[in-house]
Amino acid sequence: MAGRSQTVMLLIALSAIFALSRMVNAETLSTIGVNWGTQMTHPIPPTIVVDMLKANGIKKVKLFDADDWTMSALVGTNIEVMVGIPNDQLDRMSSKYSHAKDWVKNNVTQYFKDGGVNIKYVAVGNEPFLESYNGSYLTTTFPALQNIQKALDEAGHGNKIKVTVPLNADVYASGSNTPSSGAFRSDIEDLMNQIVHFLKEKGSAFVVNIYPFLSLYQNAGFPVDYAFFGTGSRGINDNGKQYTNVFDANFDTLVWALKKAGVPDLKIIVGEVGWPTDGDKNANTNMAKKFYDGLLKKMAKKEGTPMRPGPVDVYLFGLIDEDSKSILPGNFERHWGILTYDGKPKFPMDLSGQGNDKYLIAAKGIQYLPAQWCVFNNEAKNLSSLSADIDYACSLGDCTSLGYGSSCNNLNSEGNISYAFNMYFQMSDQDVRACDFRGLAKIVNRNASQNGCLFPVQIISAGTRTAVTKAMFLGLLAALLFV
């Protein structure tokens, strides 16, 4: 009898531990979101992406627009959504209030209803004050922000949906490289003061994008360990507060900037944080896993930063690789995804931060184009146009994995040519005309991947399916007409 009692007690204890573990996991996931970008030639159908988000317990997404294809897939999911207004629409939103009112009606009101889309924020612009934009959006961002919030208020959404502006960490700086010296950039200080006070008044949040990878990428002398989370890195002591990683130091530099601007308790959301997996010597799956392991464990502990203890809301950047992104910042720009172009996890990642080495659940229902590749035709005689053809293929395709230190950097010259040709071929929906190059290329059915370098076969996206269906319909219609 005693033995049975002990067994029952043990089962109860195990059950309680399991329940507590699930509670901790759920609480951690509630602060973790993902950026869902769509700058790719073959986007995964949104319904598949949403199913994958739900399967992995991801409850928050940040979008860069309010595309109906994406928004419709989020209806009824209760996934918290931050919708976006692209920078090229800021002038329109600021010039006339009616434009902002129409945008809210078409992109918020129609989805924001019982059983609709759980919209929490509207992101007005995306890093509009980057110094590389040369002030292009300095006069339009704040008026657009005000107009959108006014439109939300008038539509009856203002209490539940807030406006914000996702900003790059370059809007603030520290003259002495310590957080306590942090302040907003002198050229935009007045503008930033207006914006942060407006956000505070409206009960919104400051959204900042922090990239430890870029600190390492842009500075050859940057201490590598300081880009990650651990105790072995060289730290900074700032008036008794110790910093062992650049994420905390960067975050607290913003905290100090807000304090000096007169809004010390304004909520901060990390809108983008992540690590790319290709396109640079420091961009690989091993380093990405190390970074995310540290970040997610930190989030699970809810320790915050020296200046802001407590939980921090973060959106991982990004969800899926985007092969159409601009590579002006670097070849790594197309490889930020925690998932590959076809929705497969790149490395083990425990979103709960408990350190379990497990892979995310992959996207299901992915369909691929035929198993064929475009490669260099080594029997070609006239190679005079080869260099120009490679340049053409890379300009319209994606050759970012061929760079120094990247995943396909170890190919021989013929392999490099084949990779360039195949990427262009795949991104062109395997159109036979995209594998010609004046006789320098040929289509093969044997997997062309080599030396650890993946030669991908592209997926069938919804756009491709529509085009195929339309072609089949027109062909059938023509056949009927000429019967």
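Helix α12 (residues 413-427) gives the largest share of the lining, 3 residues. A pocket here is an open set of points on a 1 Å grid over the protein atoms alone, with protein on both sides within 12 Å along at least five of seven lines, while a cavity is a set where a 1.4 Å probe fits but cannot get out; lining residues have an atom within 4 Å of a point.

Before going on, please note that this is a predicted model, where local features need pLDDT of at least 70, side-chain atom pairs count only at pLDDT 80 or more, and totals for chains, interfaces and linings use all residues. Residues are numbered from 1 along each chain as its sequence is written, and side-chain values use heavy atoms, with hydrogens and water left out.

How many cavities of 30 Å³ or more does a search of the whole structure find? The search finds 2, and the largest cavity has a volume of about 50 Å³. Among the residues lining this largest cavity are M40, H42, D321 and Q458.

**The sheet**

The chain has 13 helices and 15 strands, taken as DSSP runs (helices are H or I with at least four residues, strands E with at least two) and numbered from the N terminus. Nine strands form an open sheet in the order β5-β4-β3-β2-β1-β13-β12-β9-β6, with parallel pairing. Its edge strands, β5 (162-164) and β6, each pair on one side only. Two strands pair if DSSP finds at least two bridges between them. Here are three of these pairings:

| Strand pair | Bridges | Direction |
|---|---|---|
| β6 (residues 167-168) and β9 | 2 bridges | parallel |
| β9 and β12 (residues 267-273) | 5 bridges | parallel |
| β1 (residues 32-36) and β13 | 3 bridges | parallel |

Why is β9 (residues 205-209) described as largely enclosed by the rest of the structure? Because 5 of its 5 residues are buried, where buried means under 20% relative accessible area, exposed over 50%, and partly exposed in between (1.4 Å probe, protein chains only). In a regular strand the side chains alternate between the two faces of the sheet. In β9, A205, V207 and N209 point one way, F206 and V208 the other. Over the whole chain of 483 residues, 52% count as buried.

**A helix and a loop**

Helix α10 (residues 285-301) has 17 residues, which at 1.5 Å a residue should span 24 Å, and its end C-alpha atoms are 24 Å apart, so the two agree. The expected span is 1.5 Å times one less than the number of residues. Its buried residues include M287, F291, Y292 and L295. Just after α10, K302 takes a positive phi of about 55 degrees.

P370 sits in the loop between β13 (313-316) and β14 (373-376). Its relative accessibility is 47%, so P370 counts as partly exposed. Leaving out residues up to four places away in sequence, P370 touches Q430 and V457, contact meaning heavy atoms within 4.5 Å. P370 and Q430 are 60 residues apart in sequence, but their C-alpha atoms are 8.4 Å apart in space.

Methods: Grid points are joined across faces, edges and corners, and a volume is the space filled by probe spheres set on the points.
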